Amino acid sequence: MTRRLTVAERHAAADKDLLLSEIAARSSWSQFLVEQAVLVFGWEHDTFSCNLLRDVLPELGHGFLGAAINALRQGGVIEHTGQYVPSTSPATHGHPIAVWKLSPRGVEIAAKRRAARRSAA
């Protein structure tokens, strides 16, 4: 039986030009794309919340945001800062949502991907 990769392992191993056919072959390809967006956003910002991410994701990605955040947290790629902000989503009526940052493991993954992209250019 093949061992399933963790979220951190999937992102660490993903080449910068992941083939669309590879993404589509995954049952959770939309979540994977949102996870990649969160990783990039975390690299570019010290801290972030789903409020900020919803502003930059296409509408389709909003439904996968919670699952992506949870998977990245469980995979040790992001960590909670201990802070909360009110949600700007009308559906949540302003309830508190977590503020996140890349974990040391997430910073390492993002740095390696950025270096690989620069060396390929």
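Predicted model: local features only at pLDDT ≥ 70, side-chain atom pairs only at ≥ 80, totals over all residues.
Local features need pLDDT of at least 70 and side-chain atom pairs pLDDT 80 or more, whereas totals for chains, interfaces and linings use all residues. Residues are numbered from 1 along each chain as its sequence is written, and side-chain values use heavy atoms, with hydrogens and water left out.

A search of the whole structure gave one cavity of 30 Å³ or more. A cavity is a set of points, on a 1 Å grid over the protein atoms alone, where a 1.4 Å probe fits but cannot get out. The largest cavity holds about 90 Å³, the volume being the space filled by probe spheres set on the points, which are joined across faces, edges and corners. Helix H3 (29-44) and helix H6 (104-120) each give two or more residues to its lining. Helices (H or I, at least four residues) and strands (E, at least two) are DSSP runs, numbered from the N terminus. Leu39, Val40, Trp43, Ala110, Arg113, Arg114 and Arg117 line the cavity (an atom within 4 Å of a point). H6 supplies the largest share, four residues. The lining has four nonpolar, no polar and three charged residues; here Ala, Val, Leu, Ile, Met, Phe, Trp, Tyr, Cys and Pro count as nonpolar, Asp, Glu, Lys and Arg as charged, and the others, Gly among them, as polar.

Three strands make an open antiparallel sheet, ordered E1-E3-E2. Strands E1 (48-49) and E2 (78-86) are at the edges with a single partner strand each, so one side of each lacks a neighbour in the sheet. Pairing requires at least two DSSP bridges between two strands. E2 and E3 (residues 96-102) pair over six bridges. His80 is opposite Trp100 in E3.

Definitions and conventions. 1 Å grid on protein atoms, 1.4 Å probe; cavity = no way out; pocket = protein on both sides within 12 Å on 5 of 7 lines; lining within 4 Å.
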